[in-house]
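Keep the sequence and the 3D view open, and try each task before reading on.

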Amino acid sequence: MTLASTAHAMLVPALRICAVLTVLLLPATGSAIVTADAPAVTTVESKYAERGPWAVTAVPGFGCCDSSGASYDLWRPADLGAGGVRHPIITWGNGTDAAPEQYTHLLEHWASWGFVVIAARNRQTGSGKDIAGAVEYLLRQAEDPASPLYGRVDPDLVGAVGHSQGATGVINAMALSGGRIKTVVPLELPIQLWCSTGSWCPDITGPGNGSIFLVNGSADAVISPSRQLLPPPVIGLQSIQAYYEAIPATIPKAWGTLAEVNHNDVQGQPQCAPAITLCALGVHGYLGYPTAWLAARLLGDTAAQRVFVSGTGEFFAPNPNWVNQIGNITG
């Protein structure tokens, strides 16, 4: 997996592999993205692309430790439980060799919409064990009367989001969580080529009763390409389309591709810093619909729920930000 700290070292062998697979993978397509400076449009996407109404408190080193000995960082609404709110939980999965501070803009964004976000500092998250374990750790803290979380989070409203290897991890975490994790948003899920030598390929058929929103970038043709020429029975799940189709039809699911976006744009703060490789535009595109999905599934936002109704929802309308929009949600 290629992330900011290892992308250069991994890119050369990745491109060699990609050359071998040229006949297998189709080039991604897309159109110019609307950037953060574009005129405002009154849509659910534009609403959730903006910062939410909650002031945010960051708590680095919130607690310790996961199975690797890594500590947890936390982003939460500053005025926890105001008005009697019990906040939903998001557990985050880092990409390979990445750390939570590389995703600060995104994690703060979700906390501003009322989520309590926990992120283990584990840099190898593909198994999902520590992504699921972070939720249980947080809930134990929330049972402690001395904790600021006491009585202020909802154990029945839990989602998981992850990038790259962490995208694999959140799918596996949902399967491991015994129904605790209700929805996952894998960002730039690596094709099976990348996990075939490890123990962290996603259990795409085992998420139980949860829901899945797959998101990739059209410029990410090596790690998370949109399509493949040869079918999965021949070469395996080597595209996001193949993953989407392998998810059982009984599971609410959607997939969309951000136009012009590369593998590490999600690390933008919000733009791409010079140190971030494989980054084209920055994090802005990941703010709107992924947050709307979480609001639909965990905050009970009915307008956000309608966005993802297949064929009629806002997500499926022509949009210069997105291509490949597909889903099976009927209401």
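**Exercise 1.** Which hand does the β-α-β unit made by β5, helix α5 and β6 have?

*Solution.* Work on the predicted model. Start at β5, pass through helix α5 (residues 165-176) and end at β6. The unit is right-handed. Now check the two strands. β5 and β6 run parallel, joined by five bridges.

**Exercise 2.** Find how much of β6 is buried, and say which way its residues point.

*Solution.* Count first. Five of the five residues in β6 are buried, so the strand is mostly covered by the cut-off of under 20% relative accessible area. Next, sort the residues by direction. T183, V185 and L187 point one way. V184 and P186 point the other way. Both groups are buried. Then look to β7: it pairs with β6 in the parallel sense, over three bridges. Here V184 stands opposite I212 in β7.

**Exercise 3.** Write down the strand order of the nine-stranded sheet and name its edges.

*Solution.* Trace the sheet from one side to the other. The order is β1-β2-β4-β3-β5-β6-β7-β8-β9. The sheet is open, and its pairing is mixed. The edge strands are β1 (56-64) and β9 (322-327), each pairing on one side only. From one strand to the next, the twist averages 15°.

Now zoom in on one pair. β3 (residues 87-93) and β4 (residues 116-120) pair in the parallel sense over four bridges. W92 stands opposite A119 in β4.

**Exercise 4.** Is N216 buried or exposed, and which side chains make polar contacts with its side chain?

*Solution.* Locate N216 in β7 (residues 211-217). Its relative accessible area is 0%, which is under the 20% cut-off, so N216 is buried. Next, follow its side chain. Another, of 2.7 Å, joins N216 to the side chain of T257. Finally, widen the view. Beyond four places in sequence, N216 is in contact with residues including E188, I240, W255 and L258.

Note on methods:
Residues are numbered from 1 along each chain as its sequence is written. This is a predicted model: local features need pLDDT of at least 70, side-chain atom pairs count only at pLDDT 80 or more; totals for chains, interfaces and linings use all residues. Side-chain values use heavy atoms; hydrogens and water are left out. Two strands pair if DSSP finds at least two bridges between them. Axes are lines fitted to C-alpha atoms, for helices over the stretch in contact, and angles run from 0 to 180 degrees between N-to-C directions. Buried means under 20% relative accessible area, exposed over 50%, partly exposed in between (1.4 Å probe, protein chains only). A polar contact is a pair of N or O atoms within 3.5 Å; within protein, one must be able to donate a hydrogen and the other to accept it, and residues adjacent in sequence count only if both atoms are side-chain atoms. Contact means heavy atoms within 4.5 Å. A crossover is right-handed if, with the strands pointing away from the viewer, the path from the first strand over the helix to the second runs clockwise.
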